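Visitor: I would like to learn how to read helix packing. Please take me through an example.

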Amino acid sequence: MLLRIARKEFLEMARDGRFRIAGGIVLALLLTSLGLGWQRHGEVTEAHQTAIAQERQIWESQGEKNPHSAAHYGVYAFKPTGRLAFVDPGTEAYTGVTVFLEGHKQNQFLYRPARDGNTLQRFGELTAAAVLQLLIPLLIILLAFSTFAGERESGTLRQVLSLGVRRRDLALGKALGVAAALGLLLVPATLLGSAALASAQADAASGGLLRALAMAGTYLIYLGSFVGVTLAVSARARSSQFALVTLLAVWVFVCLMAPRAATDLARSLHPTPSAHEFAAALAEDREDGIQGVNYDDYLELRKTELLAEYEAERIEDLPINYNGWRLQVSEEYANQFFDRHYAHLWDQFEAQDGLRQRAGFVAPLLAVRSVSMALAGTDFSHFRRFAEQAELYRRELVAFLNGDLRDNAGPRGFGYTQTEGFWVQAPVFAYDAPDAGWALAGESASLAALLAWFLVAGVWAWRGALRLEAI
């Protein structure tokens, strides 16, 4: 009986002109967004690999130069694009894709595509994630709002129940029928996405397959929640019109109003400074010094320790180049302020993300969006991990250059130079991509919210079906 009900529901929906038209449009958008996303991902990945190779070549061929001049010459570090970014590009358009690494400074990220976007693009970009998060839930509502309410209005529900069909079988059968109809849309998209992943070399370090499976499961739970809510409202509503209006109101709140409200609330509770305010606060902090000790006093303290270490009375008596040593001390002094201010800034961004995750208990879109970006490697946590590794590399590179000046310059000081053979020995930046477990570790609130919505929606639909009334 259960399978018969599911088959009947599936056939009715598949033959419905509304399903063919609306489903066809959504499927076309989903496939198009996947195709465009994969094309963009391929172009970005190719450009990224080319840029890395060219940047290293430029660094190694910079010619005869003083090591400190090379520290100011600097290098670029490029953020790699996650393999699932073609499904969900996340925050990449806003955080930037590259950073310039040089001595004395920790720079902001550059080349943020969102800054170059036109007015139309600000309303949203066509991505597979947007289709899955916004359009398919709307399609579920438009196709299933009359599942129970419509049969009640037409009188067929009374006939079905009078034949002895159990209410729980009716509810499960209709849920399976709706799920099967949605499978007509999701299976082709899933096959296309799987083919796209298979065409690329697997990235074992970042757990590409596990991330893809976890993302698929996450979206199934999210869409299953909408199926449950739709069936629950349809079971309790007295008319199909009332069910449709109620469900559309739920969709507007969950998918449009709540995300915006949560973002505004997060910004209000955890404000972040503008770029100008951040730079001004950093400069002011450096002027005040560390616990009242400014740079000049700090340098004198370190100089005293240096002279004592080498048992020398004057700088001229040191067996090392003082300027090289002083430049490294300056770096270490400045790094303390960079660590303090950037850590606070990034903690504020993560606090905003944490609030939005908790808001997923109110609106599941926020929860699925957070998990989706995390699995795609396009959320703020992945950006922060890359930025911190890039900064550690900057410090390693600058220390390498200052160390050579300190140990080998001798009395020549800034007149000392190195040749191309030395630049080849400089450390190479290599980003350590996290695995799927790391990506999900910070998403406990979002995962709990999604599971809570799925369970509550399922229980609500089940109770609604058990209390189903024919009139």
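Visitor: Why do H14 and H18 count as oblique to each other?

Guide: This is a predicted model, where local features need pLDDT of at least 70, side-chain atom pairs count only at pLDDT 80 or more, and totals for chains, interfaces and linings use all residues. Residues are numbered from 1 along each chain as its sequence is written, and side-chain values use heavy atoms, leaving out hydrogens and water. Helices (H or I, at least four residues) and strands (E, at least two) are DSSP runs, numbered from the N terminus. Axes are lines fitted to C-alpha atoms, for helices over the stretch in contact, and angles run from 0 to 180 degrees between N-to-C directions. Under 35 degrees is roughly parallel, over 145 roughly antiparallel, 65 to 115 roughly perpendicular, and the rest oblique. The axes of H14 (residues 364–376) and H18 (residues 444–466) cross at roughly 135° and come within 8 Å. H14 and H18 are therefore oblique to each other.

Visitor: Is the crossing of H14 and H18 left-handed or right-handed?

Guide: Left-handed means that the near helix is turned anticlockwise from the far one by less than a right angle; right-handed means clockwise. H14 and H18 cross in the left-handed sense.

Visitor: Which residues make the contact?

Guide: Contact means heavy atoms within 4.5 Å. H14 supplies Pro364, Ala367, Val368, Ser370 and Val371, and H18 supplies Ser446, Leu447, Ala449, Leu450 and Trp453. By class, 8 are nonpolar, 2 polar and none charged. Nonpolar covers Ala, Val, Leu, Ile, Met, Phe, Trp, Tyr, Cys and Pro; charged covers Asp, Glu, Lys and Arg; the others, Gly among them, are polar.

Visitor: At what angle do H10 and H13 pack?

Guide: H10 (residues 240–269) and H13 (residues 322–358) pack at about 140°, with axes 9 Å apart. This pair is therefore oblique. The crossing of H10 and H13 is right-handed. Its contact has 5 nonpolar, 2 polar and 2 charged residues.

Visitor: Is Arg395 buried or exposed?

Guide: Buried means under 20% relative accessible area, exposed over 50%, and partly exposed in between (1.4 Å probe, protein chains only). Arg395 has 18% relative accessibility, so it counts as buried. Arg395 lies in H15 (residues 380–408). Leaving aside neighbours within four places in sequence, Arg395 contacts Gln106, Asn335, Phe338 and Asp339.

Visitor: How many helices and strands does the protein chain have?

Guide: The chain has 18 helices and 3 strands. Buried residues make up 46% of its 471 residues.
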